[in-house]
Amino acid sequence: MWSGPLSPLLYFARNRRRALPVVAVVALAVFAASLTAVLTGSMIAAARTAWVEPHRYYVLVASPKGLLTPRVVRALKGNRDVGRLMPAIPARVRVVGIFGSDVRPVLGLKARDLGDFLARTGMTLAEGRLPRPGKAEVALHRDVLKGKEGVRLGDEIGQEVDPNDALPGRFRVVGLLAGPIPLGVGPYDALRASSALAGGEGEAAYVVFPRPGRP
């Protein structure tokens with residue numbers, strides 16, 4: 001007389017040879033799905049930290065055509081919500097990510113602005129020193145240096161060292177940064193000279209900090 005469906009545990013107990021492969025396949029599928037979720041989550045978190053986290057502190061206003069127009073510059077300088085403007089040269093450096101190559105931001109800043117930029121963003125110099133004006137030097141966040149395939153403090157990076165790098169020219173890593181934003185900083189003039197903007201007039205970008213209490 002039928003008394004309902006057979007319990008899965010009872011079925012597996014009576015048919016171990018048939019059940020074990022099924023259990024193995026299910027376990028493997030669950031592991032693969034969990035691993036994919038972890039890796040995807042890590043990748044999204046890393047991208048968010050690199051490109052979204054900075055917006056808690058500043059906005060980088062840049063032109064896709066190379067240089068900002070005078071109209072945009074006047075609008076920025078006349079905006080009552082703007083607390084501090086810093087001319088900047090935006091660049092990127094290649095790192096090794098979870099699913100291959102990725103990039104992290106590098107900002108060329110003038111000597112008068114570099115210390116204030118670090119203070120406003122909660123960044124500190126953890127090791128080495130800050131780049132000197134006019135020198136082809138950069139300071140990279142610890143997490144960025146970890147993704148530079150064995151590059152250490154004192155080594156050189158850039159497309160002249162590694163053609164696959166995203167940073168034009170050749171720069172020596174002289175400092176390690178710590179803080180909430182995984183980026184690099186370098187001298188404004190050296191980064192501008194190594195970019196396609198050399199010889200042009202005007203600014204390529206501004207780092208824009210808001211006034212306290214303003215959006």
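Predicted model: local features only at pLDDT ≥ 70, side-chain atom pairs only at ≥ 80, totals over all residues.

Q: Why edge-to-face for Phe117 and Phe209?
A: Because their planes are at 65°, and angles over 60 degrees count as edge-to-face.

Q: Which elements do Phe117 and Phe209 lie in?
A: Phe117 is in helix α4 (residues 111–121) and Phe209 is in strand β9 (residues 205–210). The pair therefore ties together parts that are 92 residues apart in sequence.

Q: Is Phe117 buried or exposed? And Phe209, buried or exposed?
A: Phe117 counts as buried, with 0% relative accessibility. Phe209 also counts as buried, at 2%.

Q: What lies over the face of Phe209?
A: Arg120 does, at 5.1 Å from the ring centre. Elsewhere, Lys110 lies over the face of Tyr188, at 4.9 Å from the ring centre.

Q: Changing topic: where is Arg94?
A: Arg94 sits in strand β2, which covers residues 82–97.

Q: Buried or exposed, that Arg94?
A: Buried: the relative accessible area of Arg94 is 12%, and the cut-off for buried is under 20%.

Q: What does the side chain of Arg94 make a polar contact with?
A: With the side chain of Glu149, at 2.6 Å. The Arg94 side chain also reaches the backbone oxygen of Asn164, at 3.4 Å.

Q: And which residues is Arg94 in contact with, leaving aside neighbours within four places in sequence?
A: Ser101, Asp102 and Val103 are among them, as are Gly147, Lys148 and Glu149. The list also includes Asp162, Asn164, Asp165 and Ala166.

Q: On to the strands. Which strands does β8 join up with through bridges?
A: Strand β3 (residues 100–109) is one of them: four bridges join β3 to β8 (residues 184–187), and the two run parallel. Strand β5 (residues 137–141) is joined to β8 by two bridges, and that pair runs antiparallel.

Q: Which residue in β8 is the bridge partner of Gly108? What about Ala139?
A: Gly108 has Gly186 as its bridge partner in β8. For Ala139, the partner in β8 is Val185.

Q: Where is Leu67 found?
A: Leu67 is in the loop between β1 (59–62) and α3 (70–77). With 26% relative accessibility, Leu67 counts as partly exposed.

Q: What does Leu67 touch, not counting residues up to four places away in sequence?
A: Arg192 and Leu197, then Gly200, Glu201, Gly202, Glu203 and Ala204. Leu67 and Leu197 are 130 residues apart along the chain, and their C-alpha atoms are separated by 8.0 Å.

Q: Now the whole protein. How many helices and strands does the protein have?
A: The protein has six helices and nine strands. Of its 215 residues, 34% are buried.

Q: What share of the contacts with a separation of 6 or more comes from residues 24 or more positions apart?
A: Such residues account for 72% of those contacts.

Note on methods
Residues numbered from 1 in each chain as written. Heavy atoms only, no water. Buried < 20%, exposed > 50% of the residue type's maximum accessible area, 1.4 Å probe, protein only. Polar contact = N/O pair within 3.5 Å; in protein donor to acceptor, adjacent residues only side chain to side chain. Contact = heavy atoms within 4.5 Å. Phe/Tyr/Trp six-rings, centres within 6.5 Å; stacked < 30°, edge-to-face > 60°. Lys NZ or Arg CZ within 6 Å of the ring centre and 35° of its normal. Pairing = 2+ DSSP bridges.
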